[in-house]
Amino acid sequence: MDKDFWNSISKNDYKVPAGHTVENLTDILFSYLGSTDPELRDDIAYVVYANWLKRDVYSKEIIKSHVDRLLANLDKGIDETESDTVFLRTFSILLLAEIVHNDNKKQLLAKNQVKIIFEKALWYLDAEKDPRGYIPVKGWAHALAHTADLLLVLARNRFIDGNDLWRMLATISNKIAHSTRYVYIHGEDDRLASAVIEILHRDLTSLNQLEIWTRSFREPDGKDWKGAYVEEERSRAFQNTRNLLRSIYLALIAQSEDFPEREELIRLFLNTLTDLKPY
């Protein structure tokens with residue numbers, strides 16, 4: 001199928017063209033997820049699939065099979081650091097986020113399916129080794145941002161409980177606060193902060209737990225940040241940590257006054273930021 005074919009679908013309100021089946025067309029869309037052509041990957045595969053989900057083109061059984069395929073994609077090339085396999089993984093994550101987003105509005109998934117997605121999302125956040133955001137010519141990889149989008153919609157899901165939310169927070173801090181070879185510069189902190197705000201909005205995590213969580217940023221690996229600026233990888237981790245905490249703090253300030261324990265949380269994150277001392 002050429003790009004004009006897919007553009008004609010979007011212009012026709014995403015109706016499935018005569019002579020084609022949605023199953024076969026979806027197989028083709030899934031084959032584009034790992035493409036290095038950003039138009040095929042972003043503008044066609046992602047956009048068309050998201051619109052078909054929104055329009056209830058797929059049955060629950062078909063969506064379940066899609067979940068299985070997308071989860072399996074997350075293993076492919078997972079140990080590679082800068083290869084094109086990253087696109088298949090990150091855009092599979094993005095489609096999973098769309099599925100959960102639609103499930104939050106009109107129940108599509110059973111509890112065990114949501115829990116499987118949740119477990120794989122936490123595994124993937126920890127396991128992904130390719131941190132690149134925008135890649136010239138090939139477009140967005142954005143593994144961390146896409147995973148944050150999935151965590152955000154999972155945080156809203158009826159089957160995700162307080163223990164799950166706590167595990168999300170722990171996995172986020174573990175990803176950000178440890179020595180790294182990369183500073184995230186493409187808005188990943190804002191996307192993660194949005195996921196954290198959704199977790200806090202559920203009001204299933206106590207202030208005591210959140211104090212423990214913020215301590216993991218102040219003292220990763222059991223020690224403070226003193227001397228981080230003279231150690232290259234720790235310095236990068238410090239920048240990532242401070243950027244995320246700043247984004248969470250600003251996002252809390254922007255919340256309405258009825259946000260659960262808003263003032264206490266603002267003080268907690270401000271104090272945590274103040275305590276970050278790399279000298």
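Buried means under 20% relative accessible area, exposed means over 50%, and partly exposed covers what lies in between, with a 1.4 Å probe and protein chains only. By that scale, Asp 13 is partly exposed at 42% relative accessibility. The model is predicted, so that local features need pLDDT of at least 70 and side-chain atom pairs count only at pLDDT 80 or more, whereas totals for chains, interfaces and linings use all residues. Residues are numbered from 1 along each chain as its sequence is written, and side-chain values use heavy atoms, with hydrogens and water left out.

- His 142 is another residue other than glycine with a positive phi, here near 60 degrees, and its place is in the loop between strand E2 (139-140) and helix H7 (143-155).
- His 142 is buried, with a relative accessible area of 6%.

**Aromatic pairs and a cluster**

- Rings of Phe, Tyr and Trp (for Trp, its six-membered ring) pair if their centres lie within 6.5 Å, and planes under 30 degrees apart count as stacked, over 60 degrees as edge-to-face and the rest as tilted; by this rule the count comes to 12 aromatic pairs.
- One of these pairs joins Tyr 49 and Tyr 58, which are tilted, with 5.3 Å from centre to centre and 35 degrees between the planes; Tyr 49 is buried at a relative accessible area of 0%, and Tyr 58 also counts as buried, at 9%.
- The rings of Tyr 229 and Tyr 279 have centres 5.2 Å apart and planes at 65 degrees, so this pair is edge-to-face.
- The Tyr 229 and Tyr 279 pair links distant parts of the chain, 50 residues apart, with Tyr 229 in the loop between helix H10 (207-218) and helix H11 (232-253) and Tyr 279 in the segment after helix H12 (262-275).
- Tyr 229 counts as partly exposed at 33% relative accessibility, whereas Tyr 279 counts as exposed at 71%.
- One aromatic cluster is formed by Phe 30, Tyr 49, Trp 52 and Tyr 58.

**A charge over a ring**

- The charged end of Lys 120 sits over the ring of Trp 123, 4.3 Å from the ring centre, a description that requires NZ of Lys or CZ of Arg to be within 6 Å of the ring centre and within 35 degrees of the ring normal.

Notes
Helices (H or I, at least four residues) and strands (E, at least two) are DSSP runs, numbered from the N terminus.
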